[in-house]
Amino acid sequence: MRRPLLALVLATSAAWPASAQTQRPFSIDDLLRHEDIGTTRISPDGAWVAIEHQRPYDQAGSYDLSTMTNAMLTDLELYRVDQDQAPIRLAAPSHEAGHLTGPFSPDGARMAVFRVTADDLQLGVLTLATGETVWLPFTPELSQFGQTVAWRSSTELVFIARPRHDPPVAMRVGFKVQQRVEQLWRTAASGHGTSAVYIPSGQARQSRPRAEPSTLVILDVLSGTPRLLARGEWFDLRLSPDGRRAALMEDAEDLQPRPDRPVRVGDPYRRRRLSLVALDTGAVSDPLPEQDLAMYLMTWSPASDALIVFGRPLGRDFDEDGRFWTVSRDGRARPLELGPLTPWVQRTWDGVAIPLASWDGDQPIVQARTADGARVWARPRSTSSPLVPVEEPSERIVEVNGRAAIQRADGVYRLAPEGPLLARGQLRDQGQTADMGNPARWNPAPGDIGARTLIDQACLSRLARPAPACLTPMEHDETILAASPNADFLVTHRTQQGGSEVRLRTAEGVKPLVALNQDWSDIDWGRVVPVPHPGPSGEPLTSWLLLPPGSAPGDRPPVVVEVYPGTAPRSAPSALLPGGTRLQNNPAVIAAAGYAVLIVSLPLAPGENRPAAGIADRILVAVDAAGDLGLVDPGRIALIGHSFGGYGVLSAVAQSDRFSAIIASNGYPDLSLSMQLPPFFRVAPEEGVPVGQMVGWGETGQASIGDFATSPQAYVEASPLYQAEAIRTPALLIESDLDTQRMSTLFSALYRRNREAGLVTYFGEGHTYASPGNLRDLHARILDWLARYLGPP
C-alpha cells in the first residue's frame, strides 16, 4: 500500500508552484501585519462597489473589542464602477475608529454606515454623490440574529437604536467585564455600598436587573428629523414590502431549561415575542402574546397583507408543539392548518429550531413532514396543489415572474413534483444579505432571491431577463464576493501565494480594486500534502500535513499534530494554505520554525457521546501513516489544540505516552466546568442568564455527554482532570481570564506530582488572546516548548 500512497503525495506536492519552495519563511511579524477583507457589496443601481478593507492587525488603536478588533481596523472604500478615480474613503489615520458598511438606499444614492470605536458604535448616512457623511446621535443595534437597519424608501431609514453610547453585546463582551469588575471593587473598597451581584431563578427570575430597552426610529435623511416610534428589547426587524409596517422580534421574559430533557446550546433563554408597528402612526400590536416564537422566520407576503411566523406555547417544544401562524396587517393571528402534515423543524449544529416558510403570491408555502416522514413543500390553504418533495436541505423558495420556484444547487426549478429546470446556475446577491444576519440564510424573502444575478460558469443573467453577459473565466484561486444587480459584472477575490486582491471583473476585462498583503509574495509557505489512513472502522480518511519551508525529500522533521474532535476535512484546510491568518496556534508560524504540522481527521460517529474515546490511537494512526511515507519523524510528536481541541489534546495524552509534548489552550480538563456562567454574564445579569448555552454544550453539543444531573459519573469518566495520574507528558496549559480559568485545576494536579507542566494565564483577553503583545508571547512560548521537548527540527 505504501507505493500508491507515496505516489499520491508526490503528485499533490508537484502541483505547487516552484516559487512556494524558495524565499523566506512566514513569521509572527507577518501574521500581525496581515490585512483582510470584510463585507463587500454593490449598490442597487450597479454604480458603486463598497469594500471593507481591514488594515494591518497590529495597527489597531485599541484591542478592547477582542474578537471585533478587525472592526476597529476597517477602512470603508467605495469605488465608482464606470470611472477610474480615487475611491471615497472613510478612515481614521491612527485606527482609533473603524468604518463598516450598512445597506444602500433603494436608489443607490446613499448608504447607512457605522463608526466603531473602542467603546461606542455610531450610525451615519453617506451620500455617494458628494462623499459627505452625516453622523447621527444614535447607537444602532447590530445582531447576527436579524436585521436592525433598513431603508423604508430612498430618503427614510428605519433602525433599532440602543441607548446612546451603549454598544451592542458583541462589542461589550470584552471591556464591559473589566469595567464592571473595577466598579464593584471600588464600591467594596469605599465601604459604603454592596458589591454583590444577585441572579435569581424560579418564580423570582424576572426580578433580575433589566437592560434599558431600545427604540424603533424612522429618520428622514433629507431633513435629519427622527421619529421615535416604540421601545423594546428588539433584535430583528422586517419591513413590509410596501414600507408601512415593521415586524420586530423581541427578547421577552426569561426562560429556564426544562428539567425533563437534556439542554441544547441553541435553546432560547428568553421568550421571543412578536410586535407589529404601524410606521405612519406608531401604533403597536402584540399578535401572539401567549406564544414563544422561533427565530429566523418573519416573512411578509408580496402584497404586505400578512406575515408568516412560527410559535410554540410557553413551556412546550418547537418540534412537537410548534405551528405556523399568519399574522394579518392589522395584527390578527391565525394558525396555518396543515391537516395530516406536521411542520418540518430543522436544527442548526447548535440546536436552534429553524422552521422554513415562504409565499407563492398570496399563498403560504411551508416545509412539512408527511405521515411517512417525507420532507415536502406544501401550500396549506390549497387542497388541490400537490406536495413537492424537498430534494436538497438547502433549497429555498424564489420568486420568478410573480410565481414561486425552487432554488437548488445547480439551478432554479418549477415548484412542482419533478418540476422542470427553469434556469441553470447559482443565484448570487450584491452583498445586501449581510444586513439580515442569520435569517438571510434560512428564510430570505422570495422576491429578494429572485432579484439576484444568475451565474452559470462565466455567464451572468437575470431570471426575468435570460440573455446572459459572459465574462472571461475566473482563475482557479478566485472567488465571487458580490454580483452586479444588472448582471454585467462581478466583484471577486483572488488569493495567490498569500497575497490577494479584490477585482472588478467585466466583459471588457479585469480591474484590480484593492491589493492586500503584497509583501507576502516572497514567502515560502512550505508544502501541503495529503496523508491517507484508515479510520476506526477501516473507512478511508485523509489528514493534511504542512511540511516546513525548505524541506527536502528524505527530511523527517518532528510533527506537531493539531487536534479537534469532529474535524474531517475533505480538502486541504485553509489554516495550512498560503495566507492562513489564524491568530492563535498559527500553523505557518510553527512550520517556519522547522516543524511539520498535521491537521488530523477525527470525524465523530453519529450519536457519539464520548467524542474523545480512543482519540490517541486515532491520532497515532495518522502520524504513523505520515511516518511510513517518510514525511515526519513518528518518534517526535507534539499535540496542540484550542478550545474543544484543547480537550481533545488532554484526553489523548491521558491515553498514551507516545507524545513528546502537548500544548492545550482554553480546553476543558473537567467537563463539569462547562456549566459555568461566563464572566460577562456573571457581572452583568441585565444581559440575560444564558446558562443553557453552556449546559447544552456539555449535554447535547460538542461534548454530548448527556444529562449532567442524572449522569454525573459520565462527566467524570470523560474528563482528563480525573485521569491526571496517567498524564506523564510535558504539558503547556493556556487559559484566559475572560474565558473562565479552567486549566488551573489540571495544572495543580500535575504540579503536585512533579510533572513537567507550565500554566500561562492571559489577563484582559478573551478566547483568542487578541492583543499583538499576547499573540507574540503566545507563539514564543509555543515554539520554546516545542524546542525544549521535541529537540531541534
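User: What should I know about the model before we start?
Analyst: The model is predicted, so local features need pLDDT of at least 70, side-chain atom pairs count only at pLDDT 80 or more, and totals for chains, interfaces and linings use all residues. Residues are numbered from 1 along each chain as its sequence is written, and side-chain values use heavy atoms, with hydrogens and water left out.

User: What volume does the second largest pocket have?
Analyst: About 1100 Å³. A pocket is an open set of points on a 1 Å grid over the protein atoms alone, where a 1.4 Å probe fits, with protein on both sides within 12 Å along at least five of seven lines. Points are joined across faces, edges and corners, and the volume is the space filled by probe spheres set on them.

User: How many residues line the second largest pocket, and which lie nearest its centre?
Analyst: The lining has 37 residues, and Q147, M436, A445, G447 and D448 lie nearest the centre. Lining residues have an atom within 4 Å of a point. Elements giving two or more residues to this lining are β6 (98–104), β11 (149–151), β15 (234–239), β20 (299–300) and α7 (446–450). Helices (H or I, at least four residues) and strands (E, at least two) are DSSP runs, numbered from the N terminus.

User: How do the lining residues divide into nonpolar, polar and charged?
Analyst: There are 18 nonpolar, 11 polar and eight charged. Ala, Val, Leu, Ile, Met, Phe, Trp, Tyr, Cys and Pro count as nonpolar; Asp, Glu, Lys and Arg as charged; the others, Gly among them, as polar.

User: Switching to α4. What span should it have, and how far apart are its ends?
Analyst: Its 22 residues (169–190) should span 32 Å, and the end C-alpha atoms are 29 Å apart, which agrees. The expected span is 1.5 Å times one less than the number of residues.

User: Where is the kink in α4 centred?
Analyst: On F175, with a kink of about 45°. The bend is the angle between axes fitted to the seven residues ending there and the seven starting there.

User: Which residues of α4 are buried, and what covers them?
Analyst: M171, R172, G174, F175, K176, V177, R180 and L184 are buried. Buried means under 20% relative accessible area, with a 1.4 Å probe and protein chains only. The cover includes β7 (110–117), β8 (120–127), β12 (156–162) and α11 (679–683). G191 follows α4, with a positive phi near 80°.

User: And α15?
Analyst: Its 19 residues (772–790) should span 27 Å, and its end C-alpha atoms are 26 Å apart, which agrees. Among its buried residues are W785, L786 and Y789. Just after α15, G791 takes a positive phi of about 80°.

User: Which non-glycine residues have a positive phi?
Analyst: Y296 is one of them, with phi near 75°. S704 has a positive phi of about 50°. Most residues other than glycine have a negative phi.

User: Where does Y296 sit, and is it buried or exposed?
Analyst: Y296 is in the loop between β19 (291–293) and β20. Y296 counts as buried because its relative accessibility is 5%.

User: Last one, R755. What does it touch?
Analyst: R755 touches A724, E725, I727, R728 and L750, not counting residues up to four places away in sequence. Contact means heavy atoms within 4.5 Å. R755 is in the loop between α14 (744–752) and β51 (757–762). R755 is buried, at 19% relative accessible area.

Note on methods: Buried means under 20% relative accessible area, exposed over 50%, partly exposed in between (1.4 Å probe, protein chains only).
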